[in-house]
Amino acid sequence: MTKPFHLAWFLQGSSVQAWGEPWTGRIGETWMQPELFLDMARSLERACFDYILLEDSSYVGESFQGSTEIYLKAGIAVPRQDPSVVAALMTQVTSRIGIVPTFGTFAYPPYLLARLVATLDQVSAGRGGWNAVTGSSDFAAMNFGLPGMPEHDLRYDMADEYMDVVKQLWGSWEPGAIIADRKSGVLIEHSKVHGVHYEGKFFKTRGPLNSGPAPQGQPVIAQAGGSARGRRFAAAHADTIVANAKGPAAMKEYRDDVRAQMRLVGRDPDSCKVLYLVNPILGETEEIARERKQMQLTRALGMIPERLAHLGKVTNIDFGRFDLDQPLPDDVSTNGHQQTLDQFRKRAAGRSIRATMADWNPVDLSVELVGTPDAVAGRMAEVMQEVGGDGFLLSMPNVSRRTLAEIEDGLVPALQDRGLVRKAYEHAQFRDNLLAY
Ligand SMILES: Cc1cc2nc3c(=O)[nH]c(=O)nc-3n(C[C@H](O)[C@H](O)[C@H](O)COP(=O)(O)O)c2cc1C
């Protein structure tokens with residue numbers, strides 16, 4: 001029997017993510033209002049998902065032909081709203097699901113971040129999380145007055161120190177510090193609130209945090225570093241890792257590696273759940289599902305400039321300045337997402353950029369999941385059996401109410417029938433649910 005696993009949703013920003021996809025209504029006009037995302041939060045909570053992760057970047061792409069044109073025209077990661085606002089709204093229409101906005105360590109002073117995430121944890125009664133990313137784009141860095149991004153591994157060194165600071169800030173309030181005793185007139189026991197005087201190599205801050213404590217003590221930390229240095233960072237800090245690995249063997253390797261690294265730093269590997277990106281495509285019959293996959297694939301493979309623009313956005317490489325009918329020159333490297341460029345080179349194997357993209361399937365993600373809800377549930381069980389755990393992160397291009405209904409009312413009941421996911425939340429707080437099994 002496969003042990004039960006966890007489900008989460010990867011929402012690519014609070015944005016017009018599904019612009020151009022079918023069944024998305026008038027999203028090009030209505031996206032500023034959060035209704036779709038609030039419906040999503042309600043739907044995924046009914047389906048007992050562990051969390052929604054709100055991905056983010058804080059700049060308009062400009063790495064294709066040195067222009068913002070394709071990003072704006074096709075709505076590639078723009079416009080996107082500040083995730084903290086939408087995350088806070090989601091907490092107010094739900095009561096159990098975890099809400100995990102993304103914030104870059106380059107963009108927030110640690111004090112501001114610790115206070116923001118503690119506040120999210122408070123207003124959600126212990127369901128706050130943070131997807132901790134280092135950022136990777138020089139354009140984003142410049143939006144914050146920096147000359148550019150520090151070098152890749154240095155960013156993670158800085159982020160290690162950053163985590164140390166925010167953990168100290170969250171720890172500045174001892175449990176039980178708030179007394180709120182009307183008789184004695186004491187709100188807070190001052191001896192239980194501690195100063196923080198942090199002076200590290202990269203960051204300097206005072207404390208205590210004036211927001212008061214986070215109900216979870218420390219909100220849930222998500223991470224997604226794919227490089228060796230990124231995995232080491234995740235192993236040190238993350239409660240959940242969102243992973244991009246292709247096929248069960250690579251998924252297992254990723255998880256085994258992270259678990260081994262957690263043991264090395266004295267952490268219990270079961271205290272971090274690794275979830276893999278998937279895009280389930282469902283249908284009433286296998287044939288309908290296959291047809292729907294084919295439509296998604298045809299649409300995606302036809303958008304080579306748009307996909308190169310996206311690739312360029314995360315690697316800082318302007319693919320638009322190369323001859324697409326030639327291979328990517330050997331001396332092109334990245335200070336952005338190293339894992340993504342590695343994957344491109346492996347696939348290319350000397351072929352032209354266009355040929356590499358023309359059969360680079362962006363639809364299947366970690367493993368192909370196509371079929372009836374029951375067949376897909378069965379396949380998810382097999383994959384988890386092979387990998388060892390801990391669950392899936394649904395990342396679907398066509399974010400719409402129709403897609404959400406297919407997951408809530410199609411896939412999840414099929415998984416529940418097989419005893420693969422929960423039918424009710426075990427606990428009130430986010431981390432407790434994540435670690436419940
Ligand atoms: C599922 C997933 C979600 C991610 N979300 C974000 C995000 O919201 N913002 C961001 O700047 N980077 C995001 N990243 C990028 C990672 O933080 C990291 O930079 C990337 O995986 C490359 O890792 P590496 O730099 O260790 O190679 C995400 C990556 C994955 C796989």
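## Strands β13 and β16

Strand β13 (residues 273–278) runs parallel to strand β16 (residues 391–394), and four bridges join the two; strands here are DSSP E runs of at least two residues, numbered from the N terminus, and two of them count as paired if DSSP finds at least two bridges between them. Within this pairing, L277 has L393 of β16 as its bridge partner. The model is predicted, and local features need pLDDT of at least 70, side-chain atom pairs count only at pLDDT 80 or more, while totals for chains, interfaces and linings use all residues. Residues are numbered from 1 along each chain as its sequence is written, and side-chain values use heavy atoms, with hydrogens and water left out.

## The barrel

Both strands belong to a closed barrel of eight strands, in the order β1-β3-β5-β6-β11-β12-β13-β16, with parallel pairing. Neighbouring strands of this sheet are turned by 30 degrees against each other on average, direction ignored; axes are lines fitted to C-alpha atoms, for helices over the stretch in contact, and angles run from 0 to 180 degrees between N-to-C directions.

Strand β11 pairs with β6 in the parallel sense over three bridges, and two bridges join β11 to the parallel strand β12 (residues 240–243). A222 of β11 is the bridge partner of N131, and A222 also has T240 in β12 as a bridge partner. From β11, V220 and A222 point one way and I221 and Q223 the other, and all are buried, meaning under 20% relative accessible area with a 1.4 Å probe and protein chains only.

## Helices across the strands

Helix α7 (residues 152–170) lies across β6 (129–133) and β11 (220–223), running at about 155 degrees to β6, where helices are DSSP runs of H or I with at least four residues. Helix α15 (residues 401–417) lies across β1 (6–11) and β16, at about 165 degrees to β1.

## Nonpolar cores

The largest nonpolar core has 62 residues, and L7, W9, F49, M90 and F392 have the most contacts inside it; such a core is a set of buried Ala, Val, Leu, Ile, Met, Phe, Trp, Tyr and Cys residues joined through side-chain atoms within 4.5 Å. Helix α14 (residues 373–387) gives the most to this core, with seven residues. A second, separate core of 32 residues includes Y59, L113, W173 and V196.

## Two domains

The chain is divided into domain 1 (6–170 + 200–284 + 364–434) and domain 2 (287–359), with bounds that come from an automatic or database domain assignment. Their contact, meaning heavy atoms within 4.5 Å, takes 41 residues from domain 1 and 27 residues from domain 2.

Conventions:
Buried means under 20% relative accessible area, exposed over 50%, partly exposed in between (1.4 Å probe, protein chains only).
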